[in-house]
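Q: Please take a close look at one helix of this protein, and then at the pockets around it and elsewhere in the model.

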Amino acid sequence: MPDPILALHGLDAFYGDFQALYGVDMTVEEGEILAIIGANGAGKTTLLRSISGLIRNAPEQILYRGEAIGAGRPDVIATAGIAMVPEGRQLFPSLSVEENLMIGGRTGRAGPWNLSSIYKLFPILDERRHQASTSLSGGQQQMVAIGRALMSNPDIILFDEISLGLAPVIIKDIYAALPNIVGAGMTALIVEQDISKALSVSARVYCLQEGRVSLEGRSQQVSREEISRAYFGAS
């Protein structure tokens with residue numbers, strides 16, 4: 001078996017004196033879609049923020065292609081090939097759609113994603129390219145956030161609450177685009193409140209409960225009873 005593209009070893013994470021993750025172990029294989037589920041406050045966003053460098057950890061607790069990145073800066077990690085679509089999109093309100101997208105390309109990484117391919121993936125963004133990004137609908141803003149991450153041509157893309165607050169028809173459109181996003185061998189971690197949706201698109205799933213891994217398994221093999229216990233600690 002090849003080494004995983006990403007491995008977490010005993011990952012602890014803190015906000016000041018508050019500990020949010022406790023000894024999380026996780027592996028991610030190259031080219032797979034991994035779902036991360038759990039109740040609010042379980043540590044899902046903290047996990048992605050740690051991987052992307054927004055929270056500093058011990059270096060050896062996060063390995064990317066065998067290299068310790070737990071204490072890396074976000075810009076260095078992005079340039080190395082890890083991009084994040086953050087919860088709430090976090091677009092630059094003073095910039096147009098196209099300017100937001102171009103920021104993602106500043107890593108200088110080569111690959112298939114550029115303005116032309118982003119506009120092919122999300123044609124509505126081509127039509128709105130000169131509009132202020134925050135003048136768009138929530139679903140269109142999410143497309144901009146996804147496009148901005150893809151513009152860095154990452155090897156791993158992290159989706160934090162990809163469907164949060166969006167209309168069902170928009171969620172359907174965004175998930176329909178996922179095969180085109182990850183089809184070229186990209187690896188994806190998806191944090192998602194919709195358990196059925198997360199399981200339907202992923203190969204494997206981890207559940208977090210109060211900062212600890214409470215379940216790991218193949219997405220099509222875990223039962224609803226196992227998930228319920230992993231979420232709530234029910235017996």
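A: The model is predicted. In helix α3, which spans residues 97–104, the buried residues are V97, E98, N100, L101 and G104. These residues lie on the same side of α3, because the arc they cover around the axis is only 160 degrees. Their cover includes three other helices: α4 (115–121), α5 (123–127) and α6 (138–150).

Helix α3 also takes part in a pocket. Along with α1 (44–51), α2 (74–80), β6 (82–85) and α6, α3 supplies at least two residues of the lining of the largest pocket. That pocket has a volume of about 630 Å³. Its lining is made up of 22 residues, and A78, A83, M84, P86 and R148 are the closest to the centre. Sorted by class, the lining of the largest pocket holds 10 nonpolar, six polar and six charged residues.

The second largest pocket contains about 210 Å³ of space. Two or more residues of its lining come from each of β2 (18–28) and α1. Strand β2 gives the most, with four residues. Of the 17 lining residues, G41, A42, G43, K44 and T45 lie nearest the centre of this second pocket. The class count for the lining of the second largest pocket is five nonpolar, eight polar and four charged residues.

Note on methods. Residues numbered from 1 in each chain as written. Predicted model: local features only at pLDDT ≥ 70, side-chain atom pairs only at ≥ 80, totals over all residues. Heavy atoms only, no water. Buried < 20%, exposed > 50% of the residue type's maximum accessible area, 1.4 Å probe, protein only. Arc of directions from axis to C-beta. Contact = heavy atoms within 4.5 Å. 1 Å grid on protein atoms, 1.4 Å probe; cavity = no way out; pocket = protein on both sides within 12 Å on 5 of 7 lines; lining within 4 Å. Points joined across faces, edges and corners; volume = space filled by probe spheres on them. Nonpolar A, V, L, I, M, F, W, Y, C, P; charged D, E, K, R; others polar.
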